[in-house]
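Reader: I am new to this structure. Can you show me how to read it, one feature at a time?

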Amino acid sequence: MATLPFRDTPFIDREELARRWALAAEPCPDDARGPRWQLMLREFLWPLEPVRRLVGAPLEIARATHPKSVMLLPGFGAHPIRMRWMARKLEAAGHTAKKWGLGYNLGATEARFRMVEKRLVDLHRRTGEPIHLVGWSLGGVMARELAKAHPDKVAKVVTMGSPFSGSPRANNGWRAYQAIAGHRVDEPEIDTVLHEKPPVETVAFWSPKDGVVHPRAACGKPGERDRAVALRCSHMGFVLTHEAVRALLAELDRD
């Protein structure tokens, strides 16, 4: 959903470009479908969210009883700046919000996963405590994998509209993902089973109004997460709305 910075995209030769185009043009091999097109169109109204926040009731933020160290992982095609407003609200409550340190999220490649893994290890070393991982969309899928690899360094995982359950094509972005990441969504570069729950507390935020990821894929089944929390926001709204921030602050205060 974000505009990608071509200046940051590695040079791709003509043969590789053709391969990626073919990945994007692949037919869907299963019956998976993303949300209906009407919901997808609503996602493009996300620039209006700051206006809605201004005209609506103000967001009242209480101080956290036990402040946490939180790492925020952006969604596919998104830069950490998209989560900056949410980060500021977490910090207003007393939490410490950290970026994932990689800039734009251009896919869950092995190289990118190893870099964010190094970031987690470093944050854990510096804070001396397990980190709370909050991942939006693809960022949540990556957060789950980090928790599987380093359960001793992760206190909790909160996913927001993340497609971890069912078919990896149950969303409206899998073709773009394959073209940009360079691999099929069901053939990740790291050895994993996406729907398996991490060995730490794992909470899934999902919304029936999500226009990018199918609600069932983001909600998950019992056993694939510890709890599911239903919101009423759009996919972009997971990081832009008062509703989502209230839910996240409440989740962080449960510990």
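Author: Start with strand pairing. Two strands count as a pair if DSSP finds at least two bridges between them. Here S3 and strand S4 (residues 154-160) run parallel, joined by 6 bridges. Keep in mind that this is a predicted model.

Reader: Which residue of S4 is the bridge partner of His132?

Author: Lys156 is the bridge partner of His132.

Reader: How many bridges join strand S1 to S3?

Author: There are 4, and S1 (residues 69-73) runs parallel to S3. Look at Leu73 for an example: its bridge partner in S3 is Gly135.

Reader: What do S3, helix H6 and S4 make?

Author: They make a β-α-β unit, and it is right-handed. Helix H6 covers residues 138-149.

Reader: Why does Thr159 count as buried?

Author: Thr159 has a relative accessible area of 0%, so it is buried. This residue sits in strand S4. Setting aside neighbours within four places in sequence, its contacts include Gly135, Gly140, Arg144 and Phe164. Val203, Ala204 and Phe205 are also in contact with Thr159.

Reader: Arg144 and Phe164 are both on that list. How does Arg144 lie relative to Phe164?

Author: Arg144 lies over the face of Phe164, at 4.0 Å from the ring centre. Look for a charge above a ring elsewhere too. Arg53 lies over the face of Trp85, at 3.9 Å from the ring centre.

Reader: How many aromatic pairs does a search of the whole structure find?

Author: The search finds 1 aromatic pair.

Reader: Where does Ser162 lie?

Author: Ser162 is in the loop between S4 and H7. Ser162 has a relative accessible area of 0%, so it is buried. Beyond its neighbours within four places in sequence, Ser162 is in contact with residues including Trp136, Ser137, Val141 and Val213. A polar atom of its side chain lies 2.7 Å from the backbone oxygen of Ser137.

Reader: And Ser165: buried or exposed?

Author: Ser165 counts as buried because its relative accessibility is 4%. It lies in the loop between S4 and helix H7 (174-181). Not counting residues up to four places away in sequence, Ser165 touches Arg216, Ala217, Gly220, Lys221 and Glu224. With Glu224, the polar contact is side chain to side chain, at 2.6 Å.

Reader: How far apart are Ser165 and Lys98 in space?

Author: They are 27 Å apart, C-alpha to C-alpha, and 67 residues apart in sequence.

Reader: Now helices. What is the general idea?

Author: An α-helix has 3.6 residues a turn, so residues three or four places apart point the same way. Apply that to helix H4 (residues 84-92). Its buried residues include Trp85, Met86, Ala87 and Leu90.

Reader: What covers the buried residues of H4?

Author: The cover includes helix H3 (49-55), S1, strand S2 (96-99), S4 and helix H9 (242-252).

Reader: What comes just after H4?

Author: Gly94 does, with a positive phi of about 105 degrees.

How values were computed: Residues are numbered from 1 along each chain as its sequence is written. This is a predicted model: local features need pLDDT of at least 70, side-chain atom pairs count only at pLDDT 80 or more; totals for chains, interfaces and linings use all residues. Side-chain values use heavy atoms; hydrogens and water are left out. Helices (H or I, at least four residues) and strands (E, at least two) are DSSP runs, numbered from the N terminus. A crossover is right-handed if, with the strands pointing away from the viewer, the path from the first strand over the helix to the second runs clockwise. Buried means under 20% relative accessible area, exposed over 50%, partly exposed in between (1.4 Å probe, protein chains only). Contact means heavy atoms within 4.5 Å. A polar contact is a pair of N or O atoms within 3.5 Å; within protein, one must be able to donate a hydrogen and the other to accept it, and residues adjacent in sequence count only if both atoms are side-chain atoms. Rings of Phe, Tyr and Trp (its six-membered ring) pair if their centres lie within 6.5 Å; planes under 30 degrees apart count as stacked, over 60 as edge-to-face and the rest as tilted. A charge sits over a ring if NZ of Lys or CZ of Arg is within 6 Å of the ring centre and within 35 degrees of the ring normal.
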